[in-house]
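Below are some remarks for your review of this model, arranged as numbered points. Please read them with the coordinates open.

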Amino acid sequence: MNLQQIFSQSDAIGKAVALLLLLMSIASWVVILWKAWVLRRAGGDVARGVAAFWQAPSVDAAAEQIRQLDRGALVLPLVQATRQTDDGTLAGAGDRAQQLTRTLRGALHTVMGRLQFGQVLLATTGSIAPFIGLLGTVWGIYHALIGIAGSGQISIERVAGPVGESLIMTAAGLAVAIPAVLAYNGFGRAIGAIEAELEGFARDLRELFSHAT
């Protein structure tokens with residue numbers, strides 16, 4: 001029997017489990033491919049953007065150069081945060097260092113939110129896909145045994161086929177979960193490296209502009 005025959009002979013719950021695993025697999029692979037492209041580009045852009053800032057003669061010139069290099073808008077928001085003014089409001093209270101800490105923290109959180117996008121989906125898929133596949137297996141075995149008992153004839157041949165077909169759902173759940181888990185861990189390391197570089201740059205900006213007049 002092929003997969004199409006197995007799917008056509010399953011009941012509503014079996015079809016629902018199979019479709020859910022298929023949707024989770026498609027969604028996770030879309031995120032995996034997109035994030036692989038984004039993070040591969042982001043690592044180089046951040047390094048070039050930070051280097052361009054320190055080599056520029058002024059903040060305006062640095063912002064212009066970074067705008068051309070920073071395709072994911074990861075470095076430029078930090079530079080722009082140093083030029084925000086909140087005069088006349090509570091946000092403007094305190095010394096310049098406190099204001100910079102607040103604005104740079106907000107910009108960094110926004111940037112990291114973009115880099116972290118999709119991680120929750122990968123973590124969720126990796127966590128629950130095996131259990132969804134196991135649910136499909138248990139239900140399939142139960143459904144098969146009920147059918148065998150109703151026929152009044154029990155033999156190894158009649159049991160092995162339906163049970164084997166049901167176990168395919170467990171394999172499907174693992175096939176969905178394993179790439180998601182591997183991608184989540186790999187992307188987490190890449191995001192951590194970029195985050196460390198951006199945090200260091202934010203601290204340098206705070207030190208540089210907190211004493212500027």
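1. Ring pairs join F53, W54 and F201 into a cluster, in what is a predicted model. F53 is buried, with a relative accessibility of 6%, whereas W54, at 43%, is partly exposed.

2. The structure holds four aromatic pairs, and one of them is formed by W34 and F117, whose rings lie 5.8 Å apart from centre to centre with 90 degrees between the planes, an edge-to-face arrangement. Which parts of the chain does this pair link? W34 belongs to helix α2, residues 12-55, while F117 sits in the loop between α5 (96-116) and α6 (119-151), so that the pair links distant parts of the chain, 83 residues apart.

3. A separate point concerns the backbone at A73, where phi is near 55 degrees, a positive value in a residue other than glycine. A73 is placed in the loop between α3 (59-69) and α4 (76-81), and its relative accessible area of 30% makes A73 partly exposed, because the value falls between the limits of 20% and 50%.

Technical notes:
Residues are numbered from 1 along each chain as its sequence is written. This is a predicted model: local features need pLDDT of at least 70, side-chain atom pairs count only at pLDDT 80 or more; totals for chains, interfaces and linings use all residues. Side-chain values use heavy atoms; hydrogens and water are left out. Helices (H or I, at least four residues) and strands (E, at least two) are DSSP runs, numbered from the N terminus. Buried means under 20% relative accessible area, exposed over 50%, partly exposed in between (1.4 Å probe, protein chains only). Rings of Phe, Tyr and Trp (its six-membered ring) pair if their centres lie within 6.5 Å; planes under 30 degrees apart count as stacked, over 60 as edge-to-face and the rest as tilted.
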